[in-house]
Amino acid sequence: MRVLHTMLRVGDLDRSIAFYTDVLGMQLIRKSENPEYKYTLAFVGYGDESQGAVIELTYNWGQSDYDLGNAYGHIALETDDIYATCDAIKAKGGQVTREPGPVKGGTTIIAFVKDPDGYSIELINKKDAGKGLG
């Protein structure tokens, strides 16, 4: 078994695809519509789905916002240079909500950004990914 994807419900599919591709540098892997049930799916990621997990963006037609609740945490992305990545995200209009710095209770350098629907995305330097608190 392996992780295939994480699904996020989005209020504006084009805006979300632009964020994940233009701001975070992912690729639009595939997109499909289901007119009968009134939804559109878009899969984005850093490579082929056969090689790693991707994100499924689900747009339910006519639904422009969601209550994110308090159970969702975040998606984590590995980056080669967290400082340069945050600068690039801000330059492209992205929202960095926590500047790079050590995780509370550890030494691993992390940062957080928000996508257009308010979902949190954690950034972790490649050298620290998988270390836990470091």
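This is a predicted model: local features need pLDDT of at least 70, side-chain atom pairs count only at pLDDT 80 or more; totals for chains, interfaces and linings use all residues.

Visitor: Which residue caps the N-terminal end of helix 1?

Guide: Helix 1 covers residues 13-23, and its buried residues include L13, I17 and F19. At its N-terminal end, a side-chain oxygen lies 3.2 Å from the backbone nitrogen of D14, and the residue that supplies this oxygen as the cap is D12.

Visitor: Which residue takes a positive phi in the hairpin of strand 6 and strand 7?

Guide: Strand 6 (residues 95-102) and strand 7 (residues 109-114) pair in the antiparallel sense over 5 bridges, with P102 standing opposite I109 in strand 7. Their hairpin has 6 residues between the strands, and the residue there with a positive phi, near 80 degrees, is G105.

Visitor: Which element gives the largest share of the lining of the largest pocket?

Guide: The largest pocket holds about 280 Å³ of space, and its lining is made up of 17 residues, with A53, V54, I55, A76 and L77 nearest its centre. Two or more lining residues come from each of strand 3 (39-45), strand 4 (54-60) and strand 5 (75-79). By class, the lining has 10 nonpolar, 6 polar and 1 charged residues. The largest share, 3 residues, comes from strand 5.

Conventions. Residues are numbered from 1 along each chain as its sequence is written. Side-chain values use heavy atoms; hydrogens and water are left out. On a 1 Å grid over the protein atoms alone, a cavity is a set of points where a 1.4 Å probe fits but cannot get out, and a pocket is an open set with protein on both sides within 12 Å along at least five of seven lines; lining residues have an atom within 4 Å of a point. Grid points are joined across faces, edges and corners, and a volume is the space filled by probe spheres set on the points. Helices (H or I, at least four residues) and strands (E, at least two) are DSSP runs, numbered from the N terminus. Ala, Val, Leu, Ile, Met, Phe, Trp, Tyr, Cys and Pro count as nonpolar, Asp, Glu, Lys and Arg as charged, and the others, Gly among them, as polar. Buried means under 20% relative accessible area, exposed over 50%, partly exposed in between (1.4 Å probe, protein chains only). A polar contact is a pair of N or O atoms within 3.5 Å; within protein, one must be able to donate a hydrogen and the other to accept it, and residues adjacent in sequence count only if both atoms are side-chain atoms. Two strands pair if DSSP finds at least two bridges between them.
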